[in-house]
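Here is a short report on one protein chain. Look over the sequence and the model, then read on.

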Amino acid sequence: TMIHGFKYFIVTVFASVVVYRLANAPPARHSFICALTNGKLQCPKFRYSGDVNTGWESIIDDMQSSFEKGYEIGNSIAIWHKGKMVVDVTTGYEDKHCTIPYKKDTIQLVFSSTKVWTAIAIAILVDRDKLDYNR
């Protein structure tokens, strides 16, 4: 009947919206409801602890934006500038359910973090004629 057809149509449209929202959610989106509502419901609150020197507050703003968009769950950052630590903070949570605050000693999985620094070191050595790419 017409009513059954309409019900199936509504369910299909709703399911399509759900699948679309979830498929286009950032990888670390915090919960099903948070992803479904594009960050409006049941999303954890941003939190941070530590020290930020005057003039470096935008780092926290950037970290909060990344967290609220679902690209980060938790992290830690320390920035040294001209021999002085200007940022030393942890943000967010260490678990996917966002119940345990991220701490300075939270173990973090990092992939390929040394490749960039190795490439830079090699480039510097080549620039100083201490190494040759062709030898």
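Accessible areas here come from the Shrake-Rupley method with a 1.4 Å probe. By that method, the protein chain exposes about 10400 Å². Carbon and sulfur atoms supply 60% of this area.

## Overall layout

This is a predicted model. The protein chain has four helices and three strands. Along the sequence they follow the pattern α-α-β-α-β-β-α.

Of the 135 residues in the protein chain, 22% are buried. Residues 24 or more positions apart account for 43% of them.

## Helix H3

Helix H3 covers residues 58–68. Its buried residues are Ile59, Ile60, Met63 and Phe67. Seen down the axis of H3, these residues fall within an arc of 95°, so they line one face of the helix.

What does that face pack against? Leaving out residues up to four places away in sequence, Ile60 touches Phe46, Tyr48, Val52 and Val89.

Just after H3 comes Gly70, which takes a positive phi of about 90°.

## The nonpolar core

The largest nonpolar core has 11 residues in all. They are Phe46, Ile59, Ile60, Met63, Phe67, Ile79, Val86, Val87, Val89, Tyr93 and Cys98. H3 and E3 each supply at least two residues of this core. H3 gives the most, with four residues.

## Aromatic pairs

The structure holds three aromatic pairs. One of them joins Phe67 and Tyr93. The ring centres lie 6.1 Å apart and the planes meet at 40°, so the pair is tilted. Tilted is the class between stacked, under 30 degrees, and edge-to-face, over 60.

The pair links distant parts of the chain. Phe67 sits in helix H3. Tyr93 lies in the loop between E3 and helix H4 (115–127). The two residues are 26 residues apart.

Phe67 has 2%, so Phe67 is buried. Tyr93 has 11% relative accessibility, so Tyr93 also counts as buried.

Together with Phe46 and Tyr48, they form one aromatic cluster.

Key
Residues are numbered from 1 along each chain as its sequence is written. This is a predicted model: local features need pLDDT of at least 70, side-chain atom pairs count only at pLDDT 80 or more; totals for chains, interfaces and linings use all residues. Side-chain values use heavy atoms; hydrogens and water are left out. Buried means under 20% relative accessible area, exposed over 50%, partly exposed in between (1.4 Å probe, protein chains only). The arc is that of the directions from the helix axis to the C-beta atoms. Rings of Phe, Tyr and Trp (its six-membered ring) pair if their centres lie within 6.5 Å; planes under 30 degrees apart count as stacked, over 60 as edge-to-face and the rest as tilted. Contact means heavy atoms within 4.5 Å. A nonpolar core is a set of buried Ala, Val, Leu, Ile, Met, Phe, Trp, Tyr and Cys residues joined through side-chain atoms within 4.5 Å.
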